[in-house]
Amino acid sequence: MSKKIDVEKYFTPDLTQARKRTKKTIEEVQFDLIDTYKSIGHNKTYIIHTYGCQGNEADSETMAGILELMGFKKTSDESDADVILINTCAIRENAENRIWGELGRLKAYKRQNPNLILGLAGCMAQEENVVERVLKKYQHVDIVFGTHNIHKLPDYIQTAMFGKERVIEVYSKEGEIVENLPKTRNHKYKAWVNIMFGCDEFCTYCIVPYTRGKERSRSKDEIIEEVKELVKQGYQEVTLLGQNVNAYGKDKKEDDYTFGDLLRDLNDTGISRIRFTTSHPHDLDRKTMEAIRDCEHVMPFFHLPVQSGSNRVLKKMNRHYTKESYLEKLNELKETVPGISVTTDIIVGFPGETEEDFLETLDLVEKADFEGAFTFVFSKREGTPAAKFEDDTPEEDKKQRLYRLNEKINDGYLRGSQRFLGETVKVLVDGVSKHDDEVLAGYSEHQKLVNFRGDQSLIGKIVNVKITVAKTWFLMGELVD
Ligand code: 5AD
Ligand code: SF4
């Protein structure tokens, strides 16, 4: 029998509130851990399960950093863990369904060890219906916190562990910027660096502007310092993160320092490789294209989500460009940075998408010559405008469209691989191949997966590889001097 829940005592999310944008100045908050919290995790362990985008991976590294500062140690054994956090993704329904399953599965560990603290974090926690369901049906979840209050994790752990109370604290606000957060990074040579948070685009299908708040850029000095520090620690590559990195700096009215300027400054930090994700075509400007052209450490790779090739659908998606203007910008980018590899995101089956609309998408894919894409079937997200749009396309037709689109996208992957046959490319060696531990694997400057034979001492280094085989998903080659 489920207990009656006093919802009033918790801070629960509110999507109407989350939609609001004001002209309020963004506050910068400094993270600090009080001394008494530094031993809470002594002799205790934690696990973080991460779903979704790179933004979540970066947030999980922060959560890990905070827990380790509190004395917790990482474990991979769930039956031994004292804290398990699930950092969730809300972008599509199937991502959420997996997480509900995961929460059900973890109940067994809670039964085994009633002292286990189970926490739900990330974008799903920012949704009203999710928190309601957790409150009513998932009473074994001890902590729910959202994307705006990761820095308060120590308080939540303390309350759940010693106060033996459930903590549900999710803010639906525009958001601030928290600096000085500790990070336990997952990789030794490649690092995520947040340059901005939130999104103000409000594409009609997307939940992100509600779950991540207003677009707000970190100060350039903080970013440059972080990258310089990573260089000192031996990092080779940074990936700059934001929902729309092309809008970097546009929320700071005081100067006209934007994404292109940041790329140029970061190029001088000594880092070998700079990547970034993700972009919005509408904010991609000439300054950025020229910075990629001029900066030797900025990689010749661009992920530029188009979403659809139909102008009618693009308008309903609120994307602020047409098929023609997208292709024009893409051509400008390709002319400015010859040889650049471009990938994209595409949604099929958006409400009201007809066969003709879909054919426009296929036509755009052909003209754009993408070297890869993440493709999705539209997923209805409660609270977004598109959730109310009439959608009469049968699911089976949508699946067929996805299949037809992927065929075309795969041709692009293969063409993108084949153009490197016989070329020598620079590879940052990540580790051994998943399929053969005598083979090394890494990524080229154009973001192609490359496998080759070599000594494991090369891991973390940038080496030259001559490409001898080009497959759809990867290249193979030989180490050269
Ligand atoms: N349904 C399907 N795909 C979506 N995306 C965002 N929201 C949805 C949705 N409701 C896709 C977009 C975006 C990528 C990160 O996820 O293509 O670029
Ligand atoms: Fe979502 Fe559009 Fe913002 Fe990307 S730009 S996060 S798709 S609202």
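A crossing of two helices is called right-handed if the near helix is turned clockwise from the far one by less than a right angle, and left-handed if the turn is anticlockwise. The views below show a predicted model, in which local features need pLDDT of at least 70 and side-chain atom pairs count only at pLDDT 80 or more, whereas totals for chains, interfaces and linings use all residues. Residues are numbered from 1 along each chain as its sequence is written, chains are lettered from A and ligands numbered from 1 in the order in which they are written, and side-chain values use heavy atoms, with hydrogens and water left out.

**View 1. Packing of helix α7 against helix α8.** Helices (H or I, at least four residues) and strands (E, at least two) are DSSP runs, numbered from the N terminus. Helix α7 (residues 220–232) packs on α8 at an angle of about 30°, and the two axes are 10 Å apart. Axes are lines fitted to C-alpha atoms, for helices over the stretch in contact, and angles run from 0 to 180 degrees between N-to-C directions. The two helices α7 and α8 are therefore roughly parallel; angles under 35 degrees count as such, those over 145 as roughly antiparallel, 65 to 115 as roughly perpendicular, and the rest as oblique. The crossing of α7 past α8 is right-handed. Contact (heavy atoms within 4.5 Å) joins Lys220, Ile223, Ile224 and Val227 of α7 to Leu262, Asp265 and Leu266 of α8. Five of these contact residues are nonpolar, none is polar and two are charged. In this division Ala, Val, Leu, Ile, Met, Phe, Trp, Tyr, Cys and Pro count as nonpolar, Asp, Glu, Lys and Arg as charged, and the others, Gly among them, as polar.

**View 2. Packing of helix α8 against helix α9.** Helix α8 (residues 259–267) meets helix α9 (residues 286–294) at an angle of about 20°, with 7 Å between their axes. The pair α8 and α9 is therefore roughly parallel, and its crossing is left-handed. On the α8 side the contact involves Phe259, Gly260, Asp261, Leu263 and Arg264, and on the α9 side Lys287, Thr288, Glu290, Ala291, Ile292 and Asp294. Four of the residues in this contact are nonpolar, two are polar and five are charged.

**View 3. Packing of helix α2 against helix α5.** The axes of α2 (residues 54–69) and α5 (residues 153–162) come within 10 Å and cross at roughly 60°. Helix α2 is therefore oblique to α5, and the crossing is right-handed. Met63, Ile66 and Leu67 of α2 touch Leu153, Pro154 and Ile157 of α5. The contact comprises six nonpolar residues, no polar and no charged.

View 4. Residues with a heavy atom within 4 Å of a molecule count as near it. Around ligand 1 these include Ile91, Arg92, Tyr205, Gln307, Asp345 and Arg381. Polar contacts are pairs of N or O atoms within 3.5 Å. An oxygen atom of the ligand lies 3.0 Å from a polar side-chain atom of Arg92. A polar backbone atom of Tyr205 is 3.0 Å from a nitrogen atom of ligand 1, and a backbone N or O atom of Ser379 is 2.8 Å from a nitrogen atom of ligand 1.

**View 5. Surroundings of ligand 2.** The shell around ligand 2 includes Cys199, Glu201, Phe202, Cys203, Tyr205, Cys206, His280 and Arg319. Seven residues of this shell are nonpolar, two are polar and two are charged. Phe202 lies in the loop between β10 (196–197) and α6 (208–212) and has a positive phi of about 50° although it is not a glycine.

View 6. The bond from Thr277 to Thr278 is cis, with omega near 5°. Thr278 belongs to the loop between β13 (273–277) and α9. Most peptide bonds are trans.

Note on methods: A polar contact is a pair of N or O atoms within 3.5 Å; within protein, one must be able to donate a hydrogen and the other to accept it, and residues adjacent in sequence count only if both atoms are side-chain atoms.
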